[in-house]
Amino acid sequence: MNGCINSGLGRIVIDTDVIATYAGSVAVECFGIIGMAAVSMKDGLVKLLRRDSLRHGISVKITEDNKIRLDFHVIVAYGVNISTIADNLVSNVKYKVEAFTGMEIDKINIMVEGVRAID
């Protein structure tokens, strides 16, 4: 299901891949986030996604009342408080995605899939 905005002249439909790509670009700019992660179903290995594949680390669902639910699979920086990283990610993503889409964020879930040292 895609996101919808009713304007005065018609409907605007936003593909969930667009939302995921934008949310991923906001997320990787947040302090303590090394990048988005993809987990292999076959062997359980976690892979750091390149910048052009960020949306694969994010699941976007549109609720019945046209709100956005986001699941982030992230790799965080070693030695940084995970709760602080998560709070920063949630507040930045909520503000920027709502401003970008004109839709409301219902829920943001964060799955920490790995930890890496900052290069």
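Two strands count as paired if DSSP finds at least two bridges between them. Keep that in mind as you work through this predicted model.

**Exercise 1. Work out how β5 and β6 sit together, and what stands opposite Ile-58.**

Step 1: Look at the bridges. There are 5 of them joining β5 to β6, and the cut-off for a pair is at least two. So β5 and β6 pair up, given that cut-off.

Step 2: Check the direction. The two strands run antiparallel.

Step 3: Find the partner. Opposite Ile-58 you'll see Phe-72, which belongs to β6.

**Exercise 2. Sort the side chains of β5 by the face they point to.**

Step 1: Now go along β5. Ile-58, Val-60 and Ile-62 share one face and are buried.

**Exercise 3. Describe Asn-66: where is it, what is its phi, and is it buried, partly exposed or exposed?**

Step 1: Asn-66 is in the loop between β5 and β6 (68-77). That hairpin has 5 residues between its strands.

Step 2: Look at the backbone. Asn-66 has a phi near 65 degrees, which is positive even though the residue isn't glycine.

Step 3: The relative accessibility of Asn-66 is 25%. Buried means under 20% and exposed means over 50%, so Asn-66 counts as partly exposed.

Step 4: Look across to another strand. Val-13, found in strand β2 (residues 11-14), is 53 residues from Asn-66 in sequence, and their C-alpha atoms are 11 Å apart. Setting aside neighbours within four places in sequence, Val-13 touches Asn-2, Gly-3 and Cys-4.

**Exercise 4. Name the residues of the nonpolar surface patch and look up Val-112.**

Step 1: The patch is made by Tyr-78, Ile-82, Val-112 and Val-115, and covers about 400 Å².

Step 2: Val-112 sits in strand β7 (residues 105-116).

Step 3: With a relative accessible area of 36%, Val-112 is partly exposed.

Key:
Residues numbered from 1 in each chain as written. Predicted model: local features only at pLDDT ≥ 70, side-chain atom pairs only at ≥ 80, totals over all residues. Heavy atoms only, no water. Helix = DSSP H or I, 4+ residues; strand = E, 2+ residues; numbered from the N terminus. Buried < 20%, exposed > 50% of the residue type's maximum accessible area, 1.4 Å probe, protein only. Patch = residues over 30% accessible without salt bridge, like charges linked within 9 Å, V, L, I, M, F, W, Y side chains within 5 Å. Areas by Shrake-Rupley, 256 points an atom, 1.4 Å probe, with all protein chains shown as cover. Salt bridge = Lys/Arg side-chain N within 4 Å of Asp/Glu carboxyl O. Contact = heavy atoms within 4.5 Å.
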